[in-house]
Amino acid sequence: NFSFIMVPAFLTIIVQQIVNRASLICGMFSGGLSLLLTKLPNQSGLIFAAVISICLTLFCERIFMKNYK
């Protein structure tokens, strides 16, 4: 069973996508939020963490892009 290899493989893909401050905030927030919501049934905490983190990332990108203009 090679299921333990999936975690490092996905981590290497995700770490390469962290290129700016908004993506770093999203990664840290989604990781922490998914750990806090692990007790929800049917792994719905993971889905909630992903949706909330995507919304946070869009908000952060909008704020940081205003600062660059």
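The protein chain exposes about 5900 Å², of which carbon and sulfur atoms supply 72% (Shrake-Rupley method, 1.4 Å probe). The structure is a predicted model, in which local features need pLDDT of at least 70 and side-chain atom pairs count only at pLDDT 80 or more, while totals for chains, interfaces and linings use all residues. Residues are numbered from 1 along each chain as its sequence is written, and side-chain values use heavy atoms, without hydrogens and water.

The protein chain contains 3 helices and 0 strands, assigned as DSSP runs (H or I, at least four residues, for helices; E, at least two, for strands). From the N terminus the order of elements is α-α-α. The radius of gyration is 14 Å, well over the 11 Å that the globule rule gives for 69 residues, so the protein chain is more spread out than a compact globule (C-alpha atoms; rule of 2.2 Å times the number of residues to the power 0.38). The C-alpha trace spans about 50 × 25 × 15 Å along its principal axes. Of the 69 residues, 17% count as buried (under 20% relative accessible area, with exposed over 50% and partly exposed in between; 1.4 Å probe, protein chains only).

A nonpolar surface patch is formed by Met6, Phe10, Ile13, Ile14, Ile18, Leu24 and Met28, with about 690 Å² of accessible area together (residues with over 30% relative accessible area and no salt bridge, nonpolar side chains joined within 5 Å; a salt bridge places a side-chain nitrogen of Lys or Arg within 4 Å of a carboxyl oxygen of Asp or Glu). Helix H1 (6-16) and helix H2 (21-36) each give two or more residues to the patch, and the largest share, 4 residues, comes from H1. Ile13 lies in helix H1 and counts as partly exposed because its relative accessibility is 48%.

Note on methods
Patches are made of residues with over 30% relative accessible area and no salt bridge: like charges are joined within 9 Å, nonpolar side chains (Val, Leu, Ile, Met, Phe, Trp, Tyr) within 5 Å.
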